[in-house]
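Hi,

Here is the model I promised to pass on.

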Amino acid sequence: MTTDQQRRIFQSAAVFNWLACLIFLPATGIAGYLGFTPLMGNGPFEHLALMAIALFGYGYWMVSRDPVAHRGIIVLGVIGKLGVVLIFFGHCLFGTSVNLRQASLALGDLAYAAIFIRVLKSLPAPLSRQ
């Protein structure tokens, strides 16, 4: 995988996260327009979740500038993306506030997690600290 491909992957991941924030920000009403029951209200915890999603987006943008230097952010991204998949499909499975259509939104996160793992494997080995 080339450096240019890695850069584009993480730039697209940043935009993916930022678009998710825009779509699910209750004030925009975009989620309803797209036919999704809003997943979030307008309280502090919802805003905190959106802020975290936006911050992950900024982290992915940082990775796009230097994947080797920001390897740790890639690892956090894999964990975060897989967590999103588990949370959404878990809630769908147990019938708590998320339907299958909403859970399917997490498939994008699953794809990015797989791509991030591939990028990690393509990076040079980290220097050992002694």
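Predicted model: local features only at pLDDT ≥ 70, side-chain atom pairs only at ≥ 80, totals over all residues.

Before the notes, one convention: contact here means heavy atoms within 4.5 Å. Helices (H or I, at least four residues) and strands (E, at least two) are DSSP runs, numbered from the N terminus.

Residues are numbered from 1 along each chain as its sequence is written, and side-chain values use heavy atoms, with hydrogens and water left out.

The chain has 6 helices and 0 strands. Of its 130 residues, 27% count as buried (under 20% relative accessible area; exposed is over 50% and partly exposed is in between, with a 1.4 Å probe and protein chains only). Take the contacts between residues at least 6 apart in sequence: 66% of them join residues at least 24 apart.

Now the helix pair I liked. α1 (residues 3-24) and α3 (residues 44-65) pack at about 165 degrees, their axes 7 Å apart. Axes are lines fitted to C-alpha atoms, for helices over the stretch in contact, and angles run from 0 to 180 degrees between N-to-C directions. The two helices are therefore roughly antiparallel (that is, over 145 degrees). On the α1 side, the residues that meet α3 include Arg7, Phe10, Asn17, Trp18 and Phe24, and among their counterparts in α3 are Leu50, Ile53, Tyr58 and Trp61. The residues of this contact divide into 15 nonpolar, 4 polar and 1 charged (nonpolar: Ala, Val, Leu, Ile, Met, Phe, Trp, Tyr, Cys and Pro; charged: Asp, Glu, Lys and Arg; polar: the others, Gly among them).

Trp18 in α1 is worth a click. Leaving out residues up to four places away in sequence, Trp18 touches Ala54, Gly57, Tyr58 and Trp61, yet Trp18 is partly exposed, at 34% relative accessible area. Trp18 and Ile53 are 35 residues apart in sequence and 7.3 Å apart in space, C-alpha to C-alpha.

Finally, the largest nonpolar core has 12 residues, including Phe10, Tyr60, Ile74, Phe116 and Leu123 (such a core is a set of buried Ala, Val, Leu, Ile, Met, Phe, Trp, Tyr and Cys residues joined through side-chain atoms within 4.5 Å). Two or more residues come from each of α1, α3, α4 (71-93) and α6 (107-122), and α1 gives the most, with 4. Beyond its neighbours within four places in sequence, Leu123 is in contact with Gln6, Pro67, Val68, Arg71 and Ile74.

Cheers

Definitions and conventions. Parallel < 35°, antiparallel > 145°, perpendicular 65-115°, else oblique.
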